[in-house]
Structure formats: structure tokens, C-alpha cells
Amino acid sequence: MFLSDDLTTQIGTLALLPQILQEVDIPVIAAGGIADARGVAAAMKLGVAGVQVGTAYLLCPEAVTSAVHRAALKGSGARHTALTNLFTGRPARGIVNRIMKELGPISAVAPSFPLATSAIAPLRAKAEAQGSGDFSPLWSGQNASGCKEVSAAQLTRELAALSSA
């Protein structure tokens, strides 16, 4: 999110796609909020050329997702995400953790982009060394239920097969 600091300007992917497709004559790739084959199928039915799925791949063995982040994605806390500027200085969605609860997910005290990342790095490193994600960016979409501990190739085949059925 770099065009505006106003979070109210953010539109959900499936609501935004028809508006984009009506205005452009180039292939559109849907990204954001698509976590499973049903979401892929819905976006394809709207007329996109392709779909990019993110969060679902975070538990694949090929992903460089940290052990702390993997544990968070598998836990019940993954159902509670929020936009936060605490880790990068710009809004991005992550699993709500201690720092987000204590400072609020969007905070005026967060350093601006890209300074926030290095500002929190020492605290993050110390907490992660103790197995805690309290100060880590636990990136996740709103639906982590599509995350699977299968190869990325297998997940891709499942998404493609089920969404085209």
C-alpha cells in the first residue's frame, strides 16, 4: 500500500476486480485475499488471466518461513489478523501479536518506511531466539486455512485442479 495512507481506500480483491477489468484492456492477475481453490475459481470466473496466491504457500517446505512464523500460522491466533505498520512503516497484514496489541496495529510511533524494519530488528531477534513471535512480522492473509505442509508443486496442482473443475 503505497498510493495512500488512508486505509479506507482499500477495496477487497473480489470487489475490485470487476472495476479493473472494465477499465483496462490488458491481462489482469488477481492477488490478495485468495487462499484456496474456491477463491481461485471465483477470480477466474470474474475474468482474470491468472491468480497469485500467497499465504497458502507459507507452510510449504520450500518456503523460508521461520519456525516462529510457521507455529503462528498453525495456531488458533492465525484467525485474527490486522493491517499493521509496526514492522515496515507501511500497512501490511499479519497475525495479531503482542506488539500489535500493545501499540495498536496502526501506530503513529512506528518509524516511516523503510526505517521500521531495522528499528524493531534487535527486539525481534531477541524474542525469536527465545521462540517467541511477539515482535515479529507474522505475515498472513485473512484466511490461513489454505496453508498446507505439502510441496509447493502439490499445492499448485491442487489449486489448479480444483479451481478449474
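Biologist: What makes Glu102 and Arg98 a salt bridge?

Modeller: In this predicted model, their side chains meet at 3.0 Å, N to O. The cut-off is 4 Å, so the pair qualifies. Both residues lie in helix H4, four residues apart, about one turn of the helix.

Biologist: Why is Glu102 called exposed?

Modeller: Its relative accessibility is 55%. Exposed means over 50%, so the label holds. Arg98 has 40% and therefore counts as partly exposed.

Biologist: Why does Asp36 count as buried?

Modeller: Asp36 has a relative accessible area of 19%. Buried means under 20%, so Asp36 falls within the class. Asp36 forms a salt bridge with Arg38, the closest N and O atoms being 3.0 Å apart. Arg38 is exposed, because its relative accessibility is 67%.

Biologist: What makes Glu158 and Lys148 a salt bridge?

Modeller: The N to O distance is 2.6 Å, and the limit is 4 Å. The pair links distant parts of the chain: Glu158 sits in helix H6, Lys148 in the loop between H5 and H6. Lys148 is partly exposed, at 35% relative accessibility.

Biologist: Which residues does Ala56 touch, beyond those up to four places away in sequence?

Modeller: Lys148 is one of them, along with Ala35, Gly146, Cys147 and Leu155. Ala56 is buried, because its relative accessible area is 2%.

Biologist: How do you know that the span of helix H5 agrees with its length?

Modeller: At 1.5 Å a residue, its 15 residues should span 21 Å. The end C-alpha atoms are 22 Å apart, so the two agree. H5 also has a kink of about 45° at Ala121, shortly before Pro122.

Key:
Residues are numbered from 1 along each chain as its sequence is written. This is a predicted model: local features need pLDDT of at least 70, side-chain atom pairs count only at pLDDT 80 or more; totals for chains, interfaces and linings use all residues. Side-chain values use heavy atoms; hydrogens and water are left out. Buried means under 20% relative accessible area, exposed over 50%, partly exposed in between (1.4 Å probe, protein chains only). Contact means heavy atoms within 4.5 Å. Helices (H or I, at least four residues) and strands (E, at least two) are DSSP runs, numbered from the N terminus. The expected span of a helix is 1.5 Å times one less than its number of residues. The bend at a residue is the angle between axes fitted to the seven residues ending there and the seven starting there.
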